[in-house]
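Hi everyone, thanks for making time today. I'd like to walk you through two spots in a structure that may be new to you, so let's get it up on the screen.

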Amino acid sequence: MTAPMVNLTIEGRPVAVPPGTNLVEAAKQAGVLIPHYCYHPGLPVAGVCRMCLVEVEKSPKLAPACATAVAEGQVVHVHSEKAREARKGVLEMLLINHPLDCPICDQSGECELQDYTYQEGRADSRYREPKRFNPVEDFGGDVMYVPNRCILCTRCVRFMDDVAKDTVLNVTERGDRAHIGKFEGKDLTHPWAANVVDLCPVGALLSKDFLNKARAWELDRTASVCTGCSQGCNIIVETRDNVVMRFRPRSNEAVNEFFMCDHGRMNYRGLNRRDRLEVPTILGPRGHEAVDWEVAIDAAVRVLKGKRAYVLASPNCSNETLHLLSRLVKKTNGVGSFRVDQGIEAPLPGVTDLALRADRAANGRGAELVGFTRNETPLAGLQAGDALIIADHALSRADLEMAGRASAVIVLSSTMPAGLARADVVLPTCTVVEEEGSFTNLRGRVQRFLQAKAAPGLARPGWYVLADVLQAMGESTAFFLARDVFQDLATSNPAFAGLSYDQLGLRGLPIAGQAAGVAS
Amino acid sequence: MGFPHTPHPRETQVLSTHFGDADARSVDGWKKRGGYQALANALGTDPVAIQNVVKESGLRGRGGAGFPTGLKWSFMKLGDGKPHYLCCNADESEPGTFKDREIMRWTPHALIEGCAIGAYAIGAEDCFIYIRGEFTEPLQVMERACADARAAGVIGKNAMGSGKTVNVWVHKGAGAYICGEETALMNSIEGKRGNPRIKPPFPAVAGLFGKPTTINNVETLTAVPHILNRGADWYKKMSRPDNPKSTGTKLWSVCGNIARPGNYEVEMGFPFGEFLQDVCGGAPKGRKIKAVIPGGSSVPVIPWEQAAAAVMDYEGMVAAGTMLGSAGCIVMDDAQSIPRQAARLARFYAHESCAQCTQCREGTAWTTKILERICAGDGTAEDLDTLLSIGDNMTGKTICVLSDSCATVVSSALQYFRPEFEALIKRTTIHAVPQVVAR
């Protein structure tokens, strides 16, 4: 298990790494960034961009750091005169046929070509000849190709060949005429294909969905977890002016390595709905009347009094909200139930245990762990006299019919469930990007997500509303933060025993009795 | 395609003995001329013994790099339980080189015999001859000869009745210069795009289909049966007395502005000046040789004075400021414009760059554009420095040496013939093409 470590010096900093590590990764551990384009930790090494050339003492030629394994006693110079000159040469060559259209390029601001050129490139170009031109091409799926900006690092080709295992892309032609080509009759329609956009270090592969929408520097980035399925891919939510612009994968080798699927990526759209519930309402003589939170909470407690709480909770609710819902169920001797929408499972073959799962919800496992029952017809057990609480759950036609049996309906939701005729109390809540919380994925890994934007109107996190309701019912719920609720969950539910927000960090931990992670 | 010329008395014919002898193309005809005797003997000896004889003979790779063949073979770990492969590099695409073509056209069985011995010596059962895509006639000849040899039991499951398996297969390339690079060649055989691979791992560790592989040039393998037949000492003697590092004979392809172009076989250490003037007949009538590229387009061009004093072996050519390379000798007389020739060669490299490494993909094309602009009369004073600087960025920084080769052409042309470039830039010459004189 513990192989002897290899000791080397990178930029004067001693570092010990396992044998077989390449110099780029070793340098990362030493806190040194070796500039690179074609190298990506999630892809096979190509060694073609020649950007990561470094000087290794006692070696006559500059070595490509990505394709050079560490050796005992190696002394590596990343920023020596010789290495810097080589990189300057590469940067100049990469730019000679590049259109230099940063002002209209989507990648601008998050472009590695831009970054390294500013960092150590030439201030001017010696190129006086006409530039090579190739037209923009639609690669299918969500991907557009701008060949003039392409530096032919082949990350996209290697991703499709070796990770997605769907051979769609290739390098067409030779010399400076070369560009990324698509095999005849094939398109980038693989369910994970849009990762090539993230992998592209320059503005050559762009998302058609995100095209011309925002500049990289205008975006605020927040760590979160995808709600597209039960895999729980770690993501970054990017917002501008309180609007979610896009999702991008966040690396976590225990869950999704560096990738996320196209289905999850497009899920951001549902978070920008305009028909949000913004104020609490109660059903009065003049229909739904907007009221203060105190009034609404009191109304909810009044409605619940003496009734069984029949909770229909969305499997996309956080562990915290679900935990307090389960306390409500327990208090009223009620029922907790949910349904998980199904879709086609789409694995990413190159990564162990990574797939777009058939269960298209983030927290079905969490709902089960707090004692909720998974059911195709979750309202089948609803009896006359029950108070139905709908927590962000969508209603099918059958659900709507069965919901009619309830003697009272409380909606605890970000949007009004479509088709619902009557709701005695409506309590507006936050979406996943508007609150802090945690999910439990299908392998039992608990992962935190953070608040990315402000909630509209008076909407509050579900757990916050429920804490007030429970308090009004005489329970002790002195929770001020989501972490307090999680602490309560960890002390009361053995599955979550020993976990806390501090320990979970942003990469998550498995619940008690689970292996360390999906990929390990 | 020309018929072989009458041998010059100063040539030493070993490999070229049967050039032009159509009967030598058949199995029986080849056996009549002493062929396949070396293979029969070899299959009865220990592979290590064969390696040692070749090592002792001093035979070096004829493809360009000049790596000692016996040493290369000894890198293959015999009995490691893995399949071994031998690749014969017949992708002779180096501009100016056409020696392997003649070997394959006239003496296909000589190559098959060399391949079979080479395969046996490295513990391989299969040898793949990778033939350049444009070589239609050599391909036909080789395919025919392989089929004949297999039918005659020379190669196959029970080669020469020895009970040992030695197969020789012919694989046709698709016409890419880069597939002559050994790792690109292996990719091409595997059915992949002909891109050179990063080394390490070296082919002897993980080559064709990920298995230990040796790659030898056509001429190298063809020389092996002669060495086994006549002994390492005989081969070693064909060298300069003061330089035992280059041994044997070498086929030289001579083309360009020369009275008698063609393939010539001479011993290592032959004086280059006499070779060009005497054996090849010197420059066309009324002209003078100005410059020579002695080893195929990838080696530095040198002026005639330097070439005339050079000696034709690996070390001699290095001493003259160039390299022996693949011995594809391109002769340029005083009617040629060096900038124009450099531009033409740079265009070749720009066309053939596999597009993997940045410096090569962009640098070869950039170099070409600048040179062609200079030739068109639009050069500027700083262009020459830019060319050298680009060349510097293209040297020693890429996966293979295609990029270095392009830079070599330009830097050597600038080193020896800078005034010609400057004259074009200053427009003291009206155009880059000097008047062609009637011969």
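Before the first spot, a quick word on angles: axes are lines fitted to C-alpha atoms, for helices over the stretch in contact, and angles run from 0 to 180 degrees between N-to-C directions. Please also keep in mind that this is a predicted model.

Let's start in chain A. Helix 8 of chain A, residues 319-331, packs with helix 11 of chain A, residues 462-472, at an angle of about 25°, and their axes are 8 Å apart. Angles under 35 degrees count as roughly parallel, so that is what we call helix 8 and helix 11 of chain A. Their crossing is left-handed. Which residues make the contact? From helix 8 of chain A they include A:Leu324, A:Leu325 and A:Leu328, and from helix 11 of chain A they include A:Trp463, A:Leu466 and A:Leu470. The residues of this contact divide into eight nonpolar, two polar and two charged.

Now over to chain B. Here we have an open sheet of four strands in the order 3-2-1-4, with parallel pairing. Strand 3 (167-172) and strand 4 (213-217) of chain B are the edge strands, each pairing on one side only. On average, neighbouring strands are turned by 25° against each other, direction ignored. Strands 2 and 3 of chain B pair over six bridges, and B:Tyr130 stands opposite B:His171.

Which helices pack on this sheet? One is helix 6 of chain B, which touches strands 1, 2 and 3 of chain B. Another is helix 9 of chain B, touching strands 1 and 4 of chain B, with its direction at about 90° to that of strand 4.

Notes
Residues numbered from 1 in each chain as written. Chains lettered and ligands numbered in written order. Predicted model: local features only at pLDDT ≥ 70, side-chain atom pairs only at ≥ 80, totals over all residues. Heavy atoms only, no water. Helix = DSSP H or I, 4+ residues; strand = E, 2+ residues; numbered from the N terminus. Parallel < 35°, antiparallel > 145°, perpendicular 65-115°, else oblique. Left-handed = near helix turned anticlockwise from the far one by under 90°. Contact = heavy atoms within 4.5 Å. Nonpolar A, V, L, I, M, F, W, Y, C, P; charged D, E, K, R; others polar. Pairing = 2+ DSSP bridges.
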